[in-house]
Amino acid sequence: MPSAKRQAPPRQRHGKKVVAKAARAKRVRAATVRREPASETMGVVAYHSTKGVDDYVRQVARATPLQLVEIERQGVLGSFIKDLSRRMEIPSSRIFTILGVPKATAEKKAAAGERVEGRGGQAAIGMVKLLGIAQEIVANSTASEAKTFDATKWLGRWIERPQPALGGRKPADLLDTPTGVELVARLLGSIESGAYQ
């Protein structure tokens with residue numbers, strides 16, 4: 001028959017010094033976790049305005065499929081859309097239209113440091129992917145001008161030009177849907193291969 005004696009909880013058996021040491025170690029671990037940015041601890045790609053749009057484009061281009069899923073679920077910061085507008089030299093009111101985000105919503109989210117989610121956020125990620133393609137085209141180019149060529153500004157102008165391969169539509173008018181982004185991405189790819197002039 002088992003002993004009727006009750007064992008003391010482990011905490012009481014070890015004495016005050018062991019308990020205090022364990023508590024201190026727990027506080028140190030908690031403080032360390034708080035100091036590390038979530039983007040580094042979980043492998044999440046995050047936009048930092050101090051690093052700029054081009055850095056974010058490179059991060060997204062290197063992201064794993066699971067990281068891309070998280071990016072698409074989270075959306076993008078409203079401030080990113082405004083920074084993207086400046087970097088591509090597209091007026092902010094026009095970029096809001098291209099991405100299908102109401103101007104008032106985008107401005108409010110940018111001012112509050114909030115994310116634009118849903119369709120508008122996914123359209124912004126689509127634009128980032130296109131920027132990645134454009135930058136890769138330039139990086140793969142052997143032309144001497146490629147070293148100083150600004151792919152981001154070029155894409156800002158190119159998406160506003162009607163394209164025969166898109167039935168005379170501007171690429172910008174298709175970027176508010178995933179299928180539209182895919183069509184424009186294919187067109188960019190054909191430019192690199194020389195299949196489309």
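Reader: Quick one on D83: buried or exposed?

Author: Buried. This is a predicted model, and in it D83 has a relative accessible area of 16%. The cut-off for buried is under 20%, so D83 qualifies.

Reader: Which residue forms a salt bridge with D83?

Author: R86 does. The closest N and O atoms are 2.4 Å apart.

Reader: And how exposed is R86?

Author: R86 counts as exposed, at 55% relative accessibility.

Reader: Where do R86 and D83 sit in the helix?

Author: Both are in helix α6, residues 78-88. They are three residues apart, so about one helical turn separates them.

Reader: Switching to α11. What about R186 and E182 there?

Author: They are four residues apart in helix α11, again about one helical turn. R186 forms a salt bridge with E182, with the closest N and O atoms 2.7 Å apart. R186 is exposed at 52%. E182 is partly exposed at 43%.

Reader: OK, now R94. What does its side chain meet in a salt bridge?

Author: D173, at 3.3 Å from N to O. R94 lies in helix α7 (residues 92-99), while D173 is in the loop between α10 and α11, so the pair ties together parts that are 79 residues apart in sequence.

Reader: What's the accessibility of R94? And of D173?

Author: R94 is partly exposed at 22%. D173 is also partly exposed, at 45%.

Reader: How many salt bridges in the whole structure?

Author: The search finds 14.

Reader: Which residues are linked in a network?

Author: D54, R87, E89, D150 and K153 are linked by salt bridges.

Key:
Residues numbered from 1 in each chain as written. Predicted model: local features only at pLDDT ≥ 70, side-chain atom pairs only at ≥ 80, totals over all residues. Heavy atoms only, no water. Salt bridge = Lys/Arg side-chain N within 4 Å of Asp/Glu carboxyl O. Helix = DSSP H or I, 4+ residues; strand = E, 2+ residues; numbered from the N terminus. Buried < 20%, exposed > 50% of the residue type's maximum accessible area, 1.4 Å probe, protein only.
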